[in-house]
Amino acid sequence: MDDRTGQRIVPETARRGDRVAASRYGNRPTMKDVAARAGVGLKTVSRVVNGEPGVTPDTERRVQEAIDALGFRRNDSARVLRKGRTASIGLVLEDLADPFYGPLSRAVEEVARAHGALLINGSSAEDPEREQELVLALCARRVDGLVVIPAGDDHRYLEPELKAGVATVFVDRPAGRIDADVVLSDSFGGARDGVAHLIAHGHRRIGFIGDMPRIHTAAERLRGYRAAMEDAGTTVADGWMSLGVTDPERVRRAAEEMLAGSSPVTAIFAGNNRVTVTVVRVLAEVGRPVALVGFDDFELADLLRPGVTVVAQDAAALGRTAAERLFRQLDGGPLGPERIELPTRLIQRGSGELPPAD
């Protein structure tokens, strides 16, 4: 039917019928449908779908054309029941928006893909309850294994899953109150080296701004800071250390307090990339040179003037090592819990090499 504008008008009943026929929602094509369209047996379709031998090229072509025409997709549920594996793993991160976790997640995904597995990830938002909820939800979906960056310090809730055979590797921080594989960066050694670098350039009044002290990496980096200062025979004043949430307001306040007064710090060691970025902004307003070394590299750090000296950890190597360990568990059975610690690297760009202003 046409209206006066020349446009074709289709009755709503006809359109609704077309949508139902086209979508086939809830009535997906089966291998039987493919077999009927291709004029072959069900076993032949199964062989083509699963890449098994015993099918002539011409028959394989006809089956594939039927698959494409019908929009058939293999239902993996039956394969899961047969094999007892879902070919999927879960990745629980602290914060998906943190650039540190981008290369880590990508590395885990690449290893999973190489093993024919799907990666499902989520963020705990540094909330132990949310971490537990997310981990158990992934287990309820029968993932074969888990890579977890823990937010909490008690992981006994995972014991039934571990006994049931869910392979698990922790990254960046160890598990709490259970024995499990963990892949870490050398936070203690990296922080000690970074602070020692500032000391070697003449600094003695060095401030430390870090994350919440209950977090393993924050505690280890504080320990490295203290060790370097002790090695240099320098007593740490109360106002030179500040740990807490890494939001810009808190970090800015801590930096400004360290840089104020009659005897301000001449250098700052920043405990992670988020802290470093805020400290860079504060130092741009100070009006006098203050040395800076940050833990974690970050984008554009080399383009600032001066460039930011950092203690870099290899996030991709953390993810890759954890995922490879996970699939070794899956492929070879249970292994004894292992702690793998990867080295850090000091990258000198200028900010950590500034001498004291006084």
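User: How many helices and strands are there in the protein?
Analyst: The structure is a predicted model, and the counts belong to that model. Of its 358 residues, buried ones make up 45%, and 65% of the contacts with a separation of 6 or more are between residues 24 or more positions apart. The secondary structure of the protein comes to 13 helices and 12 strands.

User: Which residues have the most contacts inside the largest nonpolar core?
Analyst: This core has 39 residues, and the elements that give two or more residues to it include helix H9 (187-200), strand E6 (206-210), helix H10 (216-231) and helix H11 (248-258). Another core, of 27 residues, lies apart from it, with Val108 and Leu326 among its members. Within the core of 39 residues, those with the most contacts are Ile209 and Tyr225.

User: Is Thr276 buried or exposed?
Analyst: Thr276 has its place in helix H12. With neighbours within four places in sequence left aside, the residues in contact with Thr276 are Ala270, Leu292, Gly294, Phe295, Phe298 and Val308. Because its relative accessibility is 0%, which lies under the 20% cut-off, Thr276 counts as buried.

User: How many of the residues of E9 are buried?
Analyst: Both faces of strand E9 are covered, with Ala291, Val293 and Phe295 buried on one side and Leu292 and Gly294 buried on the other. Strand E9 is accordingly described as mostly covered, and the number of its residues that are buried is five of five.

User: Which residue of E10 is the bridge partner of Phe295?
Analyst: Strand E9 pairs with E8 in the parallel sense over four bridges, and in that pairing Ala267 stands opposite Ala291. From E8 the chain crosses through H12 to E9, in a β-α-β crossover that is right-handed. Strands E9 and E10 also run parallel and are joined by three bridges. In E10, the bridge partner of Phe295 is Val311.

User: What is the C-alpha to C-alpha distance between Leu304 and Ser351?
Analyst: Leu304 is found in the loop between E9 and E10, and with a relative accessible area of 30% it is partly exposed. Leaving aside neighbours within four places in sequence, Leu304 is in contact with Val280 and Phe298. Although Leu304 and Ser351 are 47 residues apart in sequence, their C-alpha to C-alpha distance in space is 9.3 Å.

User: Through which helix does the chain cross from E1 to E2?
Analyst: Strand E1 (residues 88-93) and strand E2 (residues 118-123) pair in the parallel sense over six bridges, and one of the bridges links Val92 with Gly122 in E2. The β-α-β crossover between E1 and E2 is right-handed, and the helix through which the chain passes is H6 (residues 101-114).

Key
Residues are numbered from 1 along each chain as its sequence is written. This is a predicted model: local features need pLDDT of at least 70, side-chain atom pairs count only at pLDDT 80 or more; totals for chains, interfaces and linings use all residues. Side-chain values use heavy atoms; hydrogens and water are left out. Two strands pair if DSSP finds at least two bridges between them. A crossover is right-handed if, with the strands pointing away from the viewer, the path from the first strand over the helix to the second runs clockwise. A nonpolar core is a set of buried Ala, Val, Leu, Ile, Met, Phe, Trp, Tyr and Cys residues joined through side-chain atoms within 4.5 Å. Buried means under 20% relative accessible area, exposed over 50%, partly exposed in between (1.4 Å probe, protein chains only). Contact means heavy atoms within 4.5 Å.
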